[in-house]
Amino acid sequence: MDYEALFSEQLDGLREAGNYRVFHEIERKQGQFPNARRYRDSVEIGEVTVWCSNDYLGMGQHPKVLGAMHATLDSCGAGAGGTRNISGTNHQHVLLERELADLHGKEAALLFTSGYVSNWAALGTLAARMPNCVVLSDALNHASMIEGIRHSRAECLRFRHNDVAHLDELLSQVEPGRPKLVAFESVYSMDGDIAPIAEILDVCEKHGALSYIDEVHAVGLYGPRGGGIAEREVLMDRIDVIEGTLGKAYGVMGGYIAASKNLCDFVRSFASGFIFSTALPPAIAAGAAASIRHLKESQIERTRHQNRVKIVRQRLDAMGIPHLDNPSHIIPVMVGDAHHAKMISDWLMDNHGIYVQPINYPTVPKGTERLRITPSPVHTDGDIDKLTEALSEIWGMCALARVPMAA
């Protein structure tokens, strides 16, 4: 078997389809986000403005976050020293879990090394260890949720995206008394749409199903204290498991679940993804806790963020640049072709220092390729002008279709 030829052939297939991913090498400039240095072959070649970061609020640069991390690094050192079971449970982990439990109004929380791992480990453990469990999964759930459900080997029924009636129909076909777990997201990261959470919970309660919501693209951004869409809609107390991340709006890294004390202890005791993973560095945990504490009290970042999103949408509408209309902070600019999406992304970077990553298959269906724009509170009016004018210029150069302004 010629393994190298096999690898090369499949990579060439990605390139021909326009789906081969190229990583841009950048270096964020402390205190100057969204500006970053750009490198090629480890040589600095210019500066860019980042428009596709999931550091939605710029908290990765916030003085309170950096201060907490510096202080903890000086007092605790670099690493945690092991898994949580073997010498790795640091005081900072305990404090962070308390902050997270308080944020979501739950008895307990459990930390993981990433949002991917928290979904994979929690869903995989719950579905596997509840005898004869059946999982009801939204058709557009994130890969981490899908992998966790697959790992569990539990029966899985997919309900049409955000289709409450279909979920109800499927649950009605499951025998009474059988363990049921409904897994869905609040904000879906590619289209930016929001789940009908209250209606989904009505169906869960009707059929005695455990509810599991992924709020990774909502925590920090929505709700009076940043608890997510469920907090904004006063629904957190009705949800059994709330999963979130520390690597997006909170600006650091890590994932977590918040739930009852027994459920968190259950996952802690049985999830291999928790048991065998080295714990987060204490400085990371301290930075995350500082970010959460700040956003529980401050509305400045959320208010400014929503303003920036609104203005970008208005400018795109005025120029006829097609983008998905949704109620969230995610702005998908629709291109519809993988080669065009990559070409536009490269042109924006090379000619205007604007970094927007193209999103292609398999992340999104073929024919829906896009640029995923994520405004932040620290993008200026000048940044917005530069982005939208550059997009209008390349749209004209490519003779791409524009959309008329709504009456």
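## Strands 1 and 2 and their sheet

Strand 1 (residues 25-28) and strand 2 (residues 35-40) run antiparallel and are joined by four bridges, where strands (E, at least two residues) and helices (H or I, at least four) are DSSP runs numbered from the N terminus, and two strands pair if DSSP finds at least two bridges between them. The structure is a predicted model, in which local features need pLDDT of at least 70 and side-chain atom pairs count only at pLDDT 80 or more, while totals for chains, interfaces and linings use all residues. Residues are numbered from 1 along each chain as its sequence is written, and side-chain values use heavy atoms, with hydrogens and water left out.

Within this pairing, Glu27 stands opposite Arg37 of strand 2, and Ile26 has Arg38 of strand 2 as its bridge partner. Six residues lie between the two strands of the hairpin, in which Gly31 takes a positive phi near 80°. The two strands belong to an open sheet of four strands with mixed pairing, in the order 1-2-3-12. Strand 1 and strand 12 (354-355) are at its edges with a single partner strand each, so one side of each is left without a neighbour in the sheet.

Strand 13 and strand 14 (residues 370-373) run antiparallel and are joined by two bridges, and Pro358 stands opposite Leu371 in strand 14.

Ile344 has its place in helix 14 and is buried, with a relative accessible area of 0% (buried means under 20%, exposed over 50% and partly exposed in between, with a 1.4 Å probe and protein chains only). Leaving aside neighbours within four places in sequence, Ile344 is in contact (heavy atoms within 4.5 Å) with Val335, Leu371, Ile394, Trp395, Cys398 and Leu400.

## Helix 5 against helix 10

Two packed helices are described by the angle between their axes and the distance between the axes. The axes of helix 5 (residues 115-129) and helix 10 (residues 261-270) come within 10 Å and cross at roughly 95°. The two helices are therefore roughly perpendicular to each other (65 to 115 degrees, with angles under 35 counting as roughly parallel, over 145 as roughly antiparallel and the rest as oblique).

Helix 5 contributes Ala122, Thr125, Leu126 and Arg129 to the contact, and helix 10 contributes Leu263, Phe266, Val267 and Phe270. By class, the contact has six nonpolar, one polar and one charged residues, where Ala, Val, Leu, Ile, Met, Phe, Trp, Tyr, Cys and Pro count as nonpolar, Asp, Glu, Lys and Arg as charged, and the others, Gly among them, as polar.

## Cysteines and Gly79

A search of the whole structure finds zero disulfides, a disulfide being a pair of cysteine sulfur atoms within 2.5 Å. Cys156 is in no disulfide, and the nearest cysteine sulfur, that of Cys133, is 9.7 Å away. Cys156 is partly exposed, with a relative accessible area of 35%, and Cys76 is also partly exposed, at 36%.

Gly79 is found in the loop between helix 2 (63-76) and helix 3 (84-88) and is partly exposed, with a relative accessible area of 47%. Gly79 and Ala279 are 200 residues apart in sequence, yet 8.2 Å apart in space, C-alpha to C-alpha.

How values were computed
Axes fitted to C-alpha atoms, helices over the stretch in contact; angles between N-to-C directions.
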